Amino acid sequence: MKILTFSGATPAEALKKAQLEVGEEAMLIETREVQKKSLGKSALYEIVVGVEENAIPVPKAKPRNEEPFMKQRPLAQKSSDVLYNISEAAKQISKIAEVTEEDRPSRQAQVRESEDLKRIKEEIEKLGDKVKLIQNMFWSEKSPKTTAAIPPEFAEIYRLTQESGMDQGHLDEIMHLTLEHMPSKMRESSETVKRYFQVLMRKMIPVRLETPPKLGSKKVIMLVGPTGVGKTTSIAKLAARFSYLLEKKYKVGLVVLDTYRIGAVEQLMQYARMMKLGIETVVDPPEFSSALNALRYSDYILIDTMGSSPYDKGKIEKIYECLRENNTEYTVDVVLVMPSSIKYEDLKATYDNFAPLGIDTMMFTKLDETRGFGNIFSLVYETKVPISYFSVGQEVPEDLVAATSDFLVECLMNGFNRGESV
């Protein structure tokens, strides 16, 4: 007996080759899978058959219009020996291998292929993430000087926050906190690092939520700050907000301390006429209490002050004298108004010079005129003074946003989007 081996991408293909070579009468000895199907590679099966040497037919040329081999002749059987008809065995082999003559992949092969594709996809995503890290920065040159080793996945978040104008010391400190508390599993992707970093920063930003006056009381809010930061426009926005935009319409009164700038007084008086609001002017500090008492019918009293250089101690002292002369029962909330478009060091110097007035909250203006907001984060992180409002443009009253930590972090990480500000 002669032993022959035939191979094919499927058992059916190998059987067909055997039929063409030795005919249908042969002993099927073994069927085996010698190569598994994978991405880019076909499966390979081998069958081993035995046939009597004098029974091997001479191959004939196949006519052009001949029907497929399996349909040509009836299947033969040989009862004198334990022989398998190869055509009959094909069905059994196909069933065992879970394949058909149409070369369909088995369920097991499909599972293996699906797992391979999943692993390849994961590797591609990791590779893409690494490419993005290389594009962001060379970590060895720009990484913060901390004692802990910093994974390269932090490169993107580090670049974003550094370019935002955040103080370097604050950035390194937050990086250290992130590394200390962030689960190691989340460090595998720059996207998860970014999300975790955002959550951490939100918790570090103090805000003063807007609350209405208590029954029978009133809120007195004084805006202070440098010249040209938009205090008068912000007063008008707040007045319109409290008297027209909130669910409850409150009575609002205005007080003007900015008698140095005639234009500012006229501008606020025009707003008062348009909104039908009471307005009082104060020239000397002793008049301050009288102005507050004159507006005692109001739920909100908003006070506009003269703008001054942070280093002009005389004007700041004049405002302080007004607060000191307040002999009414009303507590004055002092809001420091600053532009978001100046660097952190200038914001900090402005805060330090106005701090003797007793800053309760901060308002930041001109958010539509800058791309970096890390300076704001650094100031509130350093001073722990909450933010109350953001002014995002010149329109009255639309361009005013009650402060939230989510809003500031979104601006810091992705830039200011006017469509999402209101």
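Buried means under 20% relative accessible area, exposed means over 50%, and partly exposed lies in between, with a 1.4 Å probe and protein chains only. The model is predicted: local features need pLDDT of at least 70, side-chain atom pairs count only at pLDDT 80 or more, and totals for chains, interfaces and linings use all residues. Residues are numbered from 1 along each chain as its sequence is written, and side-chain values use heavy atoms, with hydrogens and water left out.

Figure 1. Helices (H or I, at least four residues) and strands (E, at least two) are DSSP runs, numbered from the N terminus. Of the 422 residues, 46% count as buried. The protein exposes about 23,100 Å², and carbon and sulfur atoms supply 50% of this area; accessible areas come from the Shrake-Rupley method with a 1.4 Å probe, and for residues only the protein chains shown count as cover.

**Figure 2. Met 1 and a nonpolar surface patch.** Met 1 is found in the segment before β1 (2-8). This residue is partly exposed, with a relative accessible area of 48%. Together with Ile 3 and Ile 29, Met 1 makes a nonpolar surface patch of about 290 Å². Patches are made of residues with over 30% relative accessible area and no salt bridge; like charges are joined within 9 Å, and nonpolar side chains (Val, Leu, Ile, Met, Phe, Trp, Tyr) within 5 Å. A salt bridge is a side-chain nitrogen of Lys or Arg within 4 Å of a carboxyl oxygen of Asp or Glu.

**Figure 3. Phe 390 in the largest nonpolar core.** A nonpolar core is a set of buried Ala, Val, Leu, Ile, Met, Phe, Trp, Tyr and Cys residues joined through side-chain atoms within 4.5 Å. The largest has 66 residues, and those with the most contacts inside it are Ile 303, Met 362, Phe 364 and Phe 390. Not counting residues up to four places away in sequence, Phe 390 touches Phe 364, Leu 367, Asp 399, Leu 400, Val 401, Ala 403, Thr 404, Phe 407 and Leu 408; contact means heavy atoms within 4.5 Å. A second, separate core of 27 residues includes Ile 221, Val 229, Val 335 and Met 363. In soluble globular proteins, nonpolar side chains tend to be buried together.

**Figure 4. Leu 292 in helix α10 (residues 287-294).** Leu 292 is buried, with a relative accessible area of 0%. Leaving aside neighbours within four places in sequence, the contacts of Leu 292 include Val 220, Val 255, Ile 301 and Ile 303. Tyr 330 is also in contact with Leu 292; the two are 38 residues apart in sequence and 8.3 Å apart in space, C-alpha to C-alpha.

Figure 5. Lys 276 lies in the loop between α9 (262-275) and β7 (278-281), and has a positive phi of about 55 degrees although it is not a glycine. Its relative accessible area is 73%, so Lys 276 is exposed. Lys 384, in the loop between α13 and β11, has a positive phi near 65 degrees. This second lysine is exposed, with a relative accessible area of 54%. The peptide bond from Val 396 to Pro 397 is cis, with omega near 5 degrees, and Pro 397 lies in the loop between β11 (387-391) and β12 (400-402). Most residues other than glycine have a negative phi, and most peptide bonds are trans.
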